[in-house]
Amino acid sequence: MFHIYCPHCAEYREEEEFHASGQAHIARPLDPEACSDKEWGEYLYFRKNPRGIHHELWVHAAGCRKFFNITRDTQTYEIKEVYKIGEQPSVVAQSGNSK
Amino acid sequence: MSDLTVAVPEEKVASTKAVVMNQVAGPEVRAESPLYHADLDSLAKQGPRKGGVRLRENKLLGHLTLRCNPNNADQLAAVERVLGMALPLQPLTSVEKGDVSIRWMSPDEWLIIVPGLKAFDVETRFRDEMDGHYSLVNGSGGSTVLELSGDNVVDMLKKSTPIDLHPSEFPVGKVVSTVFAKSTAVIRRTGEKQFELVIRRSFSDYLWLWIQDASREFGLVVDA
Ligand SMILES: [Zn+2]
């Protein structure tokens with residue numbers, strides 16, 4: 001059970017108020033028509049599944065209904081940091097560990 | 001149904017930026033609240049008058065959802081002109097003046113509750129005063145307000161929501177949108193032992209049954 005800090009409500013709430021929405025920082029291709037099938041397929045379907053540090057998109061579904069990012073260790077479940085959309089994580093995986 | 005829409009004079013259309021429909025044409029039009037079928041009025045007359053939890057449905061109020069830019073001073077000033085008080089910009093806070101109240105719902109969203117027959121007037125004034133990109137949606141028919149109070153009201157709520165209700169964490173005036181039983185509710189503390197729940201119409205029957213069950217050990221008093 002996570003105790004998650006919502007950066008918009010500015011307080012901790014129980015996990016049942018939130019939904020995980022998968023990997024964070026997936027940029028939509030600016031010109032989808034110019035994508036190859038491979039590029040578009042990777043954008044739509046291919047996701048990282050790291051052991052360790054992972055940047056995830058979450059939504060405060062039952063609360064303020066805003067999205068934000070969480071850096072989480074998938075091995076220990078520890079939440080390392082919470083940051084807003086548009087911001088960059090300060091905790092990142094050691095090189096070679098994130099794929 | 002055509003007599004429910006209010007014809008707006010032509011010169012008025014020019015000054016307002018959108019046509020607003022009066023969803024409640026007047027007190028003479030029959031309206032049923034989400035808990036109409038529970039016949040709370042009869043329960044208030046015939047039911048027990050002593051108990052740890054008291055419930056009242058504050059029915060048929062005007063529920064207006066405002067979305068605007070909290071960094072736009074013109075919009076903030078316009079809201080103040082219409083409602084007579086400033087939007088609460090601090091997360092999880094609310095303000096109340098007379099029969100109008102505003103709840104912070106999200107960084108760019110507020111729930112305004114006004115008397116049901118005042119909603120059209122408030123909506124119309126918003127169209128006149130507000131500038132820029134914003135939205136005001138009348139969702140009155142979609143939800144209702146429950147007033148819960150009593151010595152055991154916190155004990156009952158604790159069974160229903162994961163929110164920390166201790167006064168140090170949840171003072172009077174604080175408002176949260178959260179899970180309640182297997183539904184959701186907007187919970188606001190209106191007194192030391194008094195709370196206001198804004199609940200969805202489609203879940204109102206389920207929550208009414210849930211609250212009766214959760215209050216059984218303390219005794220439930222229904223007020224009209
Ligand atoms: Zn939130």
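**Close-up views of a predicted two-chain model**

**View 1. A:Arg65 and B:Glu109 meet in a salt bridge.** The closest N and O atoms of A:Arg65 and B:Glu109 lie 2.5 Å apart; a salt bridge here is a side-chain nitrogen of Lys or Arg within 4 Å of a carboxyl oxygen of Asp or Glu. Across the interface of chain A and chain B, the rule finds three salt bridges. This is a predicted model, where local features need pLDDT of at least 70, side-chain atom pairs count only at pLDDT 80 or more, and totals for chains, interfaces and linings use all residues. Residues are numbered from 1 along each chain as its sequence is written, chains are lettered from A and ligands numbered from 1 in the order written, and side-chain values use heavy atoms, without hydrogens and water.

**View 2. Chain A and chain B bury about 1,100 Å² between them.** Of this buried area (accessible area, 1.4 Å probe, lost on putting two parts together, summed over both), 49% is on carbon and sulfur atoms. Twelve residues from chain A and 17 residues from chain B take part in the contact, meaning heavy atoms within 4.5 Å.

**View 3. Four side chains hold the zinc ion: A:Cys6 (SG), A:Cys9 (SG), A:His60 (ND1) and A:Cys64 (SG).** These donors (N, O and S atoms within 2.8 Å of the metal, or 3.2 Å for Na, K and Ca) sit at 2.0 to 2.4 Å. Along the chain, their spacing reads C-x2-C-x50-H-x3-C.
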